[in-house]
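Open the model in your viewer and keep the selection tool at hand. Each stop below says what to select and what is there.

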Amino acid sequence: MSKNESMNENASTVSEIETFNIDKEKNFSEWFTEIVKRAELADMRYNVKGFVVYRAFATIAMKKMFDYYERELDKFGHEPVIFPMVIPESNFQVEKDHVEGFTPEVFWIERAGEEVLEERLALRPTSETAMYPLYSLWVRSWRDLPLKLYQSGSVFRYEGKSTRPFLRGREFIWIESHNVFKTMEEAIAQTREDMQIAYNVMTKIFGIPIIYFQRPEWDKFAGAVHTYAADTLMPDGKFLQLPSTHLLGSNFAEAFNITYTDQNGDEKIAYQTCYGPAISRIFGGMIAVHGDNNGLIFPFDVAPKQIIIIPIPKKKDIKHIEEYCIEIEKILVNEGYRVKIDLSDDRPGDKYYFWEMKGVPLRLEIGNKEVREKKITLFRRDSREKITFPFDDLVNTIAELGANLTKNLRNKAQKRFNESITDAETLDELEEKVNDKKICKIPWCSLDLDGEECAMEIKDQLAATVRGRDMREIDEDIRPKEGEKCFICGKSATCYVYVGKQY
RNA sequence: GGGUUCGUGGUCUAGUUUGGUAGGAUCUGCGCCUGGGGCGCGCAAGAUCGGGGGUUCGAAUCCCUCCGAACCCA
């Protein structure tokens, strides 16, 4: 931490007495299950496999996350809509690749009451086939374009057996944005805008480092021309796919007859993109990336509670102290912060552990001393530093430390991500590294279908996947040197790809 | 996809091998006590032992089946 980022020269750091018996780094999977229960994020006892109940603490944070995302989409000219959750089978089957890709995962409604429905209804696994028949009606003229709409809601996919709260469920909540353009160039530009939005929100607000990849041909969205997907790295060294954006070209436009009349009166086919950040999954990634052995750590802007005030009363001074706490709370609420005073009659130490486990970024400790001296003692969750400052500095201090805390989380996470990236020159070396929580950047023969065989070999032998080509390398046209070879098939390499285990 | 372990008050767990009174801890509520990093005491409340079926005089326990969960490997 640089000097001006440090909170105070007199800051003391509270030593780490770990709450869990579970080491996050060594035993991430158990840590995750435990924190979800302990912090009351989700209740897994809802008795349908792959469906969980999101509790208040997680729901508040996810609502905030939706807010930030939707605000960003609005800023870039997208408008909200709400489509039905059911899709008639005949709509669903219009685009050939799409049907093939999604059919194994679809939940079907076949009956209503005692009656068998004439046509089955799909519970949407994604909404292309719900929205595009209407798009076909809405888009008539070049004046109707671009059409940029999004909706927030849940979708249903019949996932295999390893479902986990937040990370993989049979229902998940997300935003899906569906856009229509006159030209392929505009559509491509939209995928760039999606990536920019993802970067603004994911990295700056949620503090989650991402790399955007162009997915290989064999691993793209069913019906897409190209898929670009953001991956982050989980503490156990596995990739987690976060927002993905798809260049649909005119595949769906042709299937759903989305055409427009141009300035010359000619009928033209439209070009499309779609984009889907899954908020529930991003939330899972966020708590995994930032948490520690004391529990959660929320980035300041999305924390369900941002500031917890702990009164430390001596018997005769309860009233005094409470009044001082309430005064502080009023000021902070006025500033728009989510604040709580913990007036329960547990010991202060008990409250410290509890709210740290819950991930509250800042804690104010108010006792006799603070009231007497008109001061405030503050503890920050990320660095475990404790400082005392004058009451009059309250608003400035909170604003500064809140922003600083998120930045610090982001930097730490980015550093870990960068340190996990390495390279490999042989299959054995690759195996050793991906089994040691690393991801490898290796020279690769082809992202087209002729590279699939090499990817299958990596999958079969190492249980790892080829994530694709880093978008930054596409932009800067970074390619392997003359003579560098794909070490799976030995053909000369056309690009670098990242390989690692995945969720 | 394969494997392992498992389901008993709200939560965690003993009891299952060898069928016979469901025991404890914690949480919750009330009363006291206490308070600058996980106090303590007392009282009370809380379970058709995951669901269904079977064997038996008798099932948490044995058998069948369904539902659900965790972890490991692909």
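**Stop 1: helix α10**

Select helix α10, residues 348–357. Its buried residues are K351, Y352, W355, E356 and M357. Buried means under 20% relative accessible area, exposed over 50%, and partly exposed in between (1.4 Å probe, protein chains only). Helices (H or I, at least four residues) and strands (E, at least two) are DSSP runs, numbered from the N terminus.

This is a predicted model: local features need pLDDT of at least 70, side-chain atom pairs count only at pLDDT 80 or more, and totals for chains, interfaces and linings use all residues. Residues are numbered from 1 along each chain as its sequence is written, chains are lettered from A and ligands numbered from 1 in the order in which they are written, and side-chain values use heavy atoms, with hydrogens and water left out.

Now show what surrounds the helix. The buried residues of α10 pack against α1 (28–38), β16 (307–312), β17 (339–341), β18 (362–367) and β19 (375–380). Contact here means heavy atoms within 4.5 Å. After the helix comes G359, with a positive phi near 85°.

**Stop 2**

What does E356 form with R384? The two form a salt bridge, with the closest N and O atoms 3.1 Å apart. The rule for a salt bridge is a side-chain nitrogen of Lys or Arg within 4 Å of a carboxyl oxygen of Asp or Glu. The pair links distant parts of the chain: E356 is in helix α10 and R384 is in the loop between β19 and β20 (385–390), 28 residues apart. E356 is buried at 6% relative accessible area, and R384 is buried at 7%.

**Stop 3: strand β1**

Go to S12 in strand β1 (residues 12–13). S12 touches R384, E385 and K386, leaving aside residues up to four places away in sequence. The C-alpha atoms of S12 and K386 are separated by 5.3 Å, though the two are 374 residues apart along the chain. S12 is partly exposed because its relative accessibility is 40%.

**Stop 4: R55 and E40**

Select R55 and E40, whose side chains meet in a salt bridge (3.7 Å, N to O). R55 lies in the loop between β3 (53–54) and α2 (56–75) and E40 in the loop between α1 and β2 (42–43), so the pair ties together parts 15 residues apart in sequence. R55 is partly exposed at 32% relative accessibility, as is E40 at 38%.

**Stop 5: domain 1 against domain 3**

Colour chain A by domain: domain 1 (58–290), domain 2 (297–417) and domain 3 (424–502). These bounds come from an automatic or database domain assignment. The area buried between them is about 1800 Å², with 64% from carbon and sulfur atoms. Buried area is the accessible area (1.4 Å probe) that two parts lose on being put together, summed over both. Select Q214, W218 and F239: they supply 38% of the area that domain 1 buries against domain 3, more than any other three residues.

Two salt bridges run between domain 1 and domain 3. Finish on R192 and D475, which form a salt bridge with their closest N and O atoms 2.8 Å apart.
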